[in-house]
Amino acid sequence: MMEIRFWGRGGQGAVLAAELLAQAAFLDGKVPQSFPFFGVERRGAPVTAYARVSDRPIEVRTSIATPDVVVVLEHGLLATMPTTDGLREGGTVLVNARADDPGLVAPPSARLATVDADRIALELGLGTAATPIVNTAVLGALVRVTGVVSPIALDRAIERVVPARPSENLAACHAGYAGVLVRTTEVPVPTPRPSPRAPPLPEGPLATIPSDVLRTASWRTRRPEIRLERCTRCNFCWKFCPDTAIALDALGFPQLIAEHCKGCGICAAVCPPKTIAMVAEGSEGP
Amino acid sequence: MTLEVLSGNRAQSEAVRLARVQVVAAYPITPQTTIVEAIADHVAQGRLAAEFVRVESEHSALQVCVSAAALGARTYTATSSQGLLLMHELLHWASGARAPVVMGVVNRAVAPPWSAGADHTDSLAQRDTGWIQFYAETNQEVLDTVLEAYRLSEDRAVRLPAMVCEDAFYLSHTVEPVEVPTAEAVDAFLPARVGRGILVPGVPSRLGSFTGPEDYVRFRREEAAAMARVVPTLRVVEEEFCRSFGRTLGGPVVPYRLEGATTALVTIGTASTTARGVVDELRRQGRAIGLLKIRLLRPFPEAEVRAALEGVDRIGVLDRAWTFGPTGAVAAEVRGALYGAPRRPLVTSFLAGIGGRDVTPGLVRRAVERLDVGSADDGPVWMDLEPLPEEVVRG
Amino acid sequence: MAKLTLPPEEWVRSGHSACPGCAPALALRFLLKGLGPRTIVSIPACCWTVIATPYPTTALGVAMLDTPIESTGASISGLRAAADALGLSDLNVVGVAGDGGTADIGLQSLSGMLERRTNAIYLMYDNEAYMNTGVQRSGATPWHAWTTTTPVGPRARGKAEPKKDIMGIVLAHRPVYAATVNPSFPEDFLAKVEKARDLVGPRFFQAITPCPPGWRYDSSETVEVGSLATETGLFPLYEVEEGRLRITRRYGRLKPVREYLQKQGRFGHLTDPEIDAIQSRVTARWEELLRSERTSAEGRAQPPATDQAPTAAR
């Protein structure tokens, strides 16, 4: 049995990727199982999904704690979420990233594979620049590096299941298959996270910790660049920020609270002199 | 203290007045109505300084109480039958939010077909909602148990809501003498609930959060631990009750003539009175029989039941409801409690008094006779299907 | 630098779990700016259940109580009763619920709260579908809008029925104050909240709150889409105080509804005749609103009720 854990963001298609893999495994005559982790599903919020593929009936119904393969649909999650926790010795980490991405980390014994699925999806017009739909490209890469299902079964599954634009998705799958690179050089090892001790409970389910300890920056795929030299200090960006992620300094100039900005782009849209531009996360800006 | 002739419903409303309840919310349903009418009158006449919220449904009645209790108010509602069923969702909210609401339940059959008769289906169907459940036998017990329930529910060790159940008509509309304590005595036993809400205005906090599985299970475990503290806390409260009012409440279970008994009857609610009379009669005839009345059905006082029934060979449990299990609901609990006993007695489930049928002395005697021929794999015995010679035909 | 037109204090904290570009997050941010810290908010199952973040964190700088989806009206009646019983007279008691929790499953307890004259503020944030569960149709979903339960196909054109008139239902209860608000117009929003804050009795807001994933537009366009809802006359901004209706954003010429509809994927299937039909309804309703404003100014729109004191609050 091969156990695969998918990580993605709400809207990227991680859940559908796991289901597509299950459909393909079925067409191969294998026994599949896939399901999403049902937590707080929000566009941009991290989501996980699981898939098992086996030659025999699967006798377990749990989330996957010790995966053979971890698939990360958005490279930023690799460092910010416990993506590779429990990865089996010699397991595979497949990341949607350029091979030269400086943020790549993996457990010491892991095989690290990369595929630039963002580029593939955007070239084929799947999704938007902010949210490219990368699942089919990543699945193509997954089949190439793991052989978990046959390429032809994956093609048939995509034709049957993908809700829209089947030919572009097939093309993305093939481009992912062709474009995946397996890293042979050493990659940095992620620092282990201390497992948090559960604090004592209050009398009832009473929450008292301010939410600003939560860093929603990891939801972001683009970020605002504020060029203060043209700013008129109208404070529209502050006023309309749904995440309270823009503060005004003593002179009335806006400052981005980067750890909380989700990159919605409202500040850029409402800025009268257009001094705010949205740039892709990770890029140097315009 | 005065001795007054009161109905069970009136006993509920007097207890609410004496407890100085701060927020009452209720929706009318037969046969609960006279409880809330009397409370409305207490408020209108200035005898009770409470906010009475006239809601548009039982669901809203309990929501009003849960929200008011979260802010620290002492709250009360009362309902019956369909109204309790409509509250079901909020019952979980009350216990999960650790809101010490006290509710009077007048046990009435559920529809269809329509019936206003006494039947425990309504509250038995709520036994897994995290509420403490008391079943009263007399109007005195009704009044006393409501006062006790506030002490118990508001105790820091417990903080769980409580139902005080009384049989429709056999208590709700039956008048009998009741000792009504003075306001001063009750104030000493049950001080005002002030400033002890979970939510405090001005303090940013959220009650009822979304949780992950890891936290959810921990909160459930906390509730279970609080439930496990009910019986020990109840002992302390009842000792104090006895000191304050000179009466005993009887604990979670009330054994009667079980010394040396080889046969026992187990009852909840008003059937206990008639069963006690039959036990006396059979004891006079030389039969070694006793009675165990269960006052506290949730949490189920398993250890107390096991201790009280030790040495008994044959047990008959009277259930005033059919809950579609292998036996009556109370019988199932009793069987479960005795499964690990060193000598496992034979437990027979009798269904008696369903939909308001009388549980007569003759019926109880027949049940005892049936016990003698019972076997371990007996299904429930429906006692109500034959006409009873001493039963008055109604309607 | 421009003067701040909103109070600088924030009662909605960063780190909350709203989707990027979420207008319900803005709506609560503006509401609480107007009410301040002596406020308790009751919130049923809705997007805000999740936005407020999981245990043990909370996104509100005020006290918050969760309830099941249908009981917001009852909950705020209970909170007010407790506040009165406990002498907390300075407390703002507030219910915040979605359109489904208000106009569909919560309508009974909303009606009960209004009829009981509960001294509380109720804000319905209207994102026009069950968004927290993934975009299913509610009674507040507009005519022809796509949702996952009103799909578009050869035999279906989105929602077949018009949007439920929640303001009409609320106004029939004669609250002391009711208003429509729009996070795209924060100053108008705040002025109404501050006015309502100082009144006694039941007060109601309907806030239009665009939803990027549910309405299918880019998250950066929330303010623009919201503005167009009002500028096209689809969601006019007005208030009704003691029966007097006053339009608070007045337009000599409304923008065509097409500008609003074509921004959103949920209306992407509309044909020209369908857009024209929506346009004529919107135009007619706008004229009706202008008439209501004129007649209410003459004191004819809402005859005083004979059997109740309109400001009596409980």
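Domain bounds here come from an automatic or database domain assignment. The model is predicted: local features need pLDDT of at least 70, side-chain atom pairs count only at pLDDT 80 or more, and totals for chains, interfaces and linings use all residues. Residues are numbered from 1 along each chain as its sequence is written, and chains are lettered from A, with ligands numbered from 1, in the order in which they are written.

## Domains of chains A and B

Chain B is divided into domain 1 (2–177 + 212–245) and domain 2 (253–382). Chain A is assigned domain 1 (2–183) and domain 2 (211–280).

| Domain pair | Separation of centres |
|---|---|
| Domain 1 and domain 2 of chain A | 32 Å |
| Domain 1 and domain 2 of chain B | 26 Å |

Contact means that the C-beta atoms of two residues, placed from the backbone, lie within 7 Å. In chain A, 8 residues from domain 1 and 5 residues from domain 2 make the contact. Residue classes are as follows: Ala, Val, Leu, Ile, Met, Phe, Trp, Tyr, Cys and Pro count as nonpolar, Asp, Glu, Lys and Arg as charged, and the others, Gly among them, as polar. The domain 1 side in chain A has 3 nonpolar, 4 polar and 1 charged residues.

In chain B the contact takes 24 residues from domain 1 and 21 residues from domain 2. Helices (H or I, at least four residues) and strands (E, at least two) are DSSP runs, numbered from the N terminus. On the domain 1 side of chain B, the elements that give two or more residues are α6 (121–124), β6 (132–135), α9 and α10 (230–245). The largest share, 4 residues, comes from β6(B). By class, this side of domain 1 of chain B has 14 nonpolar, 6 polar and 4 charged residues.

## The sheet in chain B

Two strands pair if DSSP finds at least two bridges between them. Chain B holds an open sheet of 7 strands with mixed pairing, in the order β3-β2-β4-β5-β7-β6-β13. Strands β3 (51–54) and β13 (296–298) of chain B stand at the edges; each has a single partner strand, so one side of each is left without a neighbour in the sheet. The twist averages 20° from one strand to the next.

Within this sheet, β2 (residues 23–26) and β4 (residues 75–80) of chain B pair in the parallel sense over 2 bridges. V24(B) has Y76(B) in β4(B) as its bridge partner.

Which helix of chain B lies across β2, β3, β4 and β5 of chain B? Helix α2 (residues 33–44) does, running at about 135° to β3(B). Axes are lines fitted to C-alpha atoms, for helices over the stretch in contact, and angles run from 0 to 180 degrees between N-to-C directions. A helix of chain C is also involved: α3 (residues 72–85) of chain C lies across β2 and β3 of chain B, at about 165° to β3(B).

## Helix α5 of chain B

A residue is buried if 20 or more other C-beta atoms lie within 10 Å of its own, exposed if 12 or fewer, and partly exposed in between; C-beta atoms are placed from the backbone. In α5 (residues 88–96) of chain B, the buried residues are L90(B), L91(B), W93(B), A94(B), S95(B) and G96(B). Their cover includes α3 (58–70) and α9 (213–228) of chain B. Just after α5(B), R98(B) takes a positive phi of about 55°.

## Where chains A and B meet

The contact takes 10 residues from chain A and 16 residues from chain B. The chain A side has 6 nonpolar, 3 polar and 1 charged residues. Strand β8 (residues 206–207) of chain A and strand β9 (residues 206–207) of chain B pair in the antiparallel sense over 2 bridges. A207(A) has R206(B) in β9(B) as its bridge partner.

## Chain C

Chain C has 11 helices and 11 strands. Buried residues make up 60% of its 314 residues. Helix α3(C) and helix α5 (residues 107–115) of chain C pack at an angle of about 35°, with axes 6 Å apart. In that contact, T72(C), G73(C), A74(C), I76(C) and S77(C) of α3(C) meet S109(C), L110(C), G112(C) and M113(C) of α5(C). By class, the contact has 4 nonpolar, 5 polar and no charged residues.
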